[in-house]
Amino acid sequence: PQEDAEMTPIRSMLSFLGGTVVLSQLFLSGHSFSNTKQPTQRTSSRVLMHMAPPSKTMSVAELEAESEQLRIEIEELRKEALSRLEALSEQLGVVETEPPKPLSTTQTGDDKDLLPAPMPITFTDSTTSRKKSTKGIANLLDETTWKISLSIGREPGTWMPKDWGKSGQRLNLSFTADFTPSQLFDRDDFFRGGYTNAKILNVESNQITLGPSLSEGQRSYKVKNGGWQVTRGDGPMGTDLLRFFIEVDEEITHAGSDVYIPKGRIYCSCGYFPFMNNGGKDGMKDAVKDEIKKIEGEIMQLQKKKDEIKNPFNLDGIKISSEIFKLKQDLDQLNQRLSFAMVRQPDKQLLRYSPDGDVGLTKEGGVCCEVKKGPVVEYHILGRFGVVSAQKEEK
């Protein structure tokens, strides 16, 4: 603050000198001033006295003499201001730097005074430099195609009517679906958040095929595109689930059958197991299996030592029995962990993999339909379905 207070008068003086120079140019141009009001502000500055308009018209010689005197006084004031500024800069320890020189399009003088030439701009082919976009865990099915087979019939625990599927008959249907990355804006309570992170499911040719029965041949039905979503942690023991649906325009059944698919949306869900971080290896499950084998080997060795001891009251035999008991307890805990790992990382025979092998879907899932009873929404089991990658089947 003290430095600004000391610099302010000098800056004001230099600004004032600039305005005075403009006035001197007007004097030199030969204009005369008359009938001009006097300045409203009083000042003792000698320079402002010259700015007051003359009482009568002045000749060119008088104007030149007056302007010359004004120029001399301005020069004296400028020198005085610069000397004060230099003195103040020395007191404050300010080092003045020369103003930057303007750039010129023509090269003059030594090259060392010029700025370095800018780096050249190069263009590369986007097709060669483009890298494969990284996918998140929930996006591994983007732009993949799957063949889906539905087996509709009575299942344990279904809430369908008691006479539905009582005969044991089943409807076998199939369709091909493209899992697109396009956002779905059609809200559905089957998805977590209604439509958050839900995407469009395209049904090829917008049709589903009903397999033949003893009384009827194969038939095709029109269906509408649906949606799909991956929900994290909604499956057994915190596993991920794939949810998707299609919409049928009419009831699907065979003549004389007690099994039918009601008109509306048909919902499917199955296990979703990404293999991004372990390359498809069953790391957790294999580690638990190795630990179980190790403990089982230790128990066998201790049991042999115990069998060699003939005296049942021998202290060594009692210690060995205690160690075997503790190891068996550890073995029980590991078997529980293995059961958990078997759910988290199913055997490869239970999964159907994507073309890139970075995600596996359980080969079977559940099918249901929505039934509204007043304000309550229920999902009734219709059957099960299987999946297989269409790209892999073509290869």
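Predicted model: local features only at pLDDT ≥ 70, side-chain atom pairs only at ≥ 80, totals over all residues.
Which residue in E13 does Cys-369 stand opposite? It's His-380.

**Strands side by side**

| Strand pair | Residues | Bridges | Direction |
|---|---|---|---|
| E9 and E12 | 264-274 and 364-373 | four | antiparallel |
| E12 and E13 | 364-373 and 376-389 | ten | antiparallel |

In soluble globular proteins, nonpolar side chains tend to end up buried together. Here, the largest nonpolar core has 39 residues, and the ones touching the most other members are Leu-150, Ile-152, Leu-242 and Phe-244. Strand E2 (residues 171-183) supplies the largest share of this core, five residues. There's also a second, separate core of eleven residues, with Ile-292, Ile-299, Ile-320 and Leu-327 among them.

Zoom in on Phe-244: leaving out residues up to four places away in sequence, its contacts include Phe-175, Phe-179, Phe-190, Phe-191 and Phe-385, as well as Trp-228 and Tyr-267.

**A histidine in a loop**

Now for His-254, found in the loop between strand E7 (252-253) and strand E8 (260-261). Is His-254 buried or exposed? Its relative accessibility is 6%, so His-254 counts as buried, since the cut-off for buried is under 20%. Beyond its neighbours within four places in sequence, His-254 contacts Leu-171, Leu-210, Gly-211, Pro-212, Ser-213, Glu-216 and Gly-217.

Methods. Residues numbered from 1 in each chain as written. Heavy atoms only, no water. Helix = DSSP H or I, 4+ residues; strand = E, 2+ residues; numbered from the N terminus. Buried < 20%, exposed > 50% of the residue type's maximum accessible area, 1.4 Å probe, protein only. Contact = heavy atoms within 4.5 Å. Core = buried A, V, L, I, M, F, W, Y, C linked by side-chain atoms within 4.5 Å. Pairing = 2+ DSSP bridges.
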